[in-house]
Amino acid sequence: MDKIALPSVSATESFVLALLRDGEKYGLELVEASGGRLKRGTIYVTLGRMERKGFVTSRQEAQAAGALGLPRRLYTATAYGLKVLEAYQLLREALALRPAEAQG
Amino acid sequence: MTGRGLERFGRAILRASTFETIVAPAIADLQYESRSGRWASVRAYAGAWRGLAAAVALELGSDCRDTLRHSQLGAAVLPSLLALGLSFAIVSPWGIWLDLGRLRPWHHDVVLLALLIPGVLASTLPLAAMPVARVLAGAGTPGSMRSAVLLAAAVVSTLTIADWLLADRTSDLQRELTTASIMSVRTSEARRPLWELRERFQPRFEHIAGRADDPRWRTARAAAELRRSRIERHTRAALLFTVVAYALLGAAGATRLRHQAGRREPWRSALGAVLIFASFAAMRVVFQRVLYVQTIFGPLVLVWPPAVLLVLVAILAALRARRVSPKPT
């Protein structure tokens with residue numbers, strides 16, 4: 001049987017994907033929408049890792065001519081990322097124990 | 001402009017890709033939020049600095065992993081690590097044996113410290129030298145020199161702080177040792193557990209401890225104990241200096257390895273690592289013996305010249321390896 005490389009997705013990554021399902025967002029918007037679950041210091045480490053895995057894409061915002069400072073970055077979930085999220089949620093639901101099942 | 005210093009610092013120490021992915025968006029957020037008031041600005045600053053710290057940690061981790069994965073350098077580094085472990089495993093009991101000969105059996109705290117310090121050095125010194133050796137051998141990725149230097153600096157700073165804390169925590173014990181030397185505690189008394197001896201002699205320790213610090217009351221034995229502890233402190237610091245020698249000799253070995261790949265080369269590299277520490281110890285002993293005759297006891301003279309000599313030899317070896325090795329085709 002051929003080996004299939006399954007993508008690994010952490011709980012934080014699936015949470016970020018769920019937030020990005022609604023559309024393009026800034027990193028800071030993700031932190032604010034997370035209710036304290038995502039931190040400012042590490043959000044871009046997570047997003048960078050997700051970008052390498054192909055779960056999200058990013059682009060720099062358009063800046064007005066002569067604008068000072070660095071451009072902010074906008075993140076979008078890719079179709080692949082959303083597919084992984086869906087599969088992850090299905091798997092979690094399938095494996096979750098109901099109280100009756102847990103009692104045996 | 002807010003965050004300009006942080007941006008310059010980040011660009012200087014990180015690879016461009018890491019900076020653009022992790023730190024630049026955090027600085028952009030900082031610049032955006034700085035218009036919303038002081039509190040938001042402070043939070044954004046904290047977030048940007050945490051982002052920078054996370055990016056540095058990521059780069060250092062990947063540099064260390066790359067070093068071990070790099071086939072030729074990995075072949076040189078892994079046996080070297082083994083050799084360093086072995087060197088320290090041999091040196092530690094030797095040091096304890098020497099200490100036991102000089103100290104009383106109840107000084108178990110000292111024996112524990114003698115075990116701990118070489119253990120810490122053994123595990124961290126090669127870690128500091130690995131990325132530097134790799135970059136000097138010309139196998140580093142862009143920006144890895146900055147990461148390598150940062151890692152080495154972080155390890156050396158941590159060791160220095162740990163060493164200082166250790167010295168601070170054991171200063172009472174050192175004083176008691178000096179005082180016990182002055183008091184010439186009888187062997188039968190000295191064989192008792194340290195806590196029992198402390199309880200019994202505490203008032204006298206305190207009384208004499210004050211005199212031990214006073215040069216007028218200092219006996220020859222006390223002076224010798226103090227001198228010995230000072231020399232040991234300097235030796236530990238000089239051992240940190242040998243990181244440079246290890247890195248340079250590692251670079252020399254790796255440069256040759258690229259062109260003379262053979263089964264024996266990694267083991268020669270391991271032998272080289274053992275030789276570094278053995279030569280440092282031997283040179284130190286020779287310096288002490290020679291200078292003792294001249295009645296020179298200053299740690300700066302006794303301890304540091306061997307370390308400096310070792311680094312000079314390592315620099316020469318690294319330069320020669322670069323000159324002798326043919327350019328890769």
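Trainee: Which residues have the most contacts inside the largest nonpolar core?

Mentor: Val56(A), Val23(B), Ile27(B) and Ala55(B). That core has 34 residues. Keep in mind that this is a predicted model.

Trainee: Which elements supply at least two residues each of this core?

Mentor: From chain A, helix 1 (11-20), helix 2 (27-33), helix 3, strand 3 (73-77) and helix 4 (79-95). From chain B, helix 2 and helix 3.

Trainee: And which gives the most?

Mentor: Helix 2 of chain B, with eight residues.

Trainee: Back to Ala55(B). What does Ala55(B) touch, leaving out residues up to four places away in sequence?

Mentor: Leu14(B), Thr18(B), Ile22(B) and Val23(B). Val23(B) is also on the list of residues with the most contacts inside the core.

Trainee: What is in the second, separate core?

Mentor: That core has 10 residues. Ala238(B), Leu248(B), Ala307(B) and Ala314(B) are among them.

Trainee: Switching to the interface. How many residues does the contact take from each chain?

Mentor: Chain B puts in 17 residues and chain A puts in 14 residues. On the chain B side, helix 2 (16-33) and helix 3 (38-69) each supply at least two residues.

Trainee: How do helix 3 of chain A and helix 2 of chain B cross?

Mentor: At roughly 140 degrees, with the axes coming within 8 Å. The stretch of helix 3 of chain A is residues 40-53. At that angle, helix 3 of chain A is oblique to helix 2 of chain B. The crossing is right-handed.

Trainee: Why oblique and not roughly antiparallel?

Mentor: Because roughly antiparallel needs an angle over 145 degrees.

Trainee: Now chain A by itself. What is its secondary structure?

Mentor: Five helices and three strands. Along the sequence the pattern is α-β-α-α-β-β-α-α.

Trainee: How much of chain A counts as buried?

Mentor: 25% of its 104 residues.

Trainee: And what share of its contacts joins residues at least 24 apart?

Mentor: 53%, among contacts in chain A between residues at least 6 apart in sequence.

Note on methods:
Residues are numbered from 1 along each chain as its sequence is written. Chains are lettered from A and ligands numbered from 1 in the order in which they are written. This is a predicted model: local features need pLDDT of at least 70, side-chain atom pairs count only at pLDDT 80 or more; totals for chains, interfaces and linings use all residues. Two residues are in contact if their C-beta atoms, placed from the backbone, lie within 7 Å. Helices (H or I, at least four residues) and strands (E, at least two) are DSSP runs, numbered from the N terminus. Axes are lines fitted to C-alpha atoms, for helices over the stretch in contact, and angles run from 0 to 180 degrees between N-to-C directions. Angles under 35 degrees count as roughly parallel, over 145 as roughly antiparallel, 65 to 115 as roughly perpendicular and the rest as oblique. A crossing is left-handed if the near helix is turned anticlockwise from the far one by less than a right angle, and right-handed if clockwise. A nonpolar core is a set of buried Ala, Val, Leu, Ile, Met, Phe, Trp, Tyr and Cys residues joined through C-beta atoms within 7 Å. A residue is buried if 20 or more other C-beta atoms lie within 10 Å of its own, exposed if 12 or fewer, and partly exposed in between; C-beta atoms are placed from the backbone.
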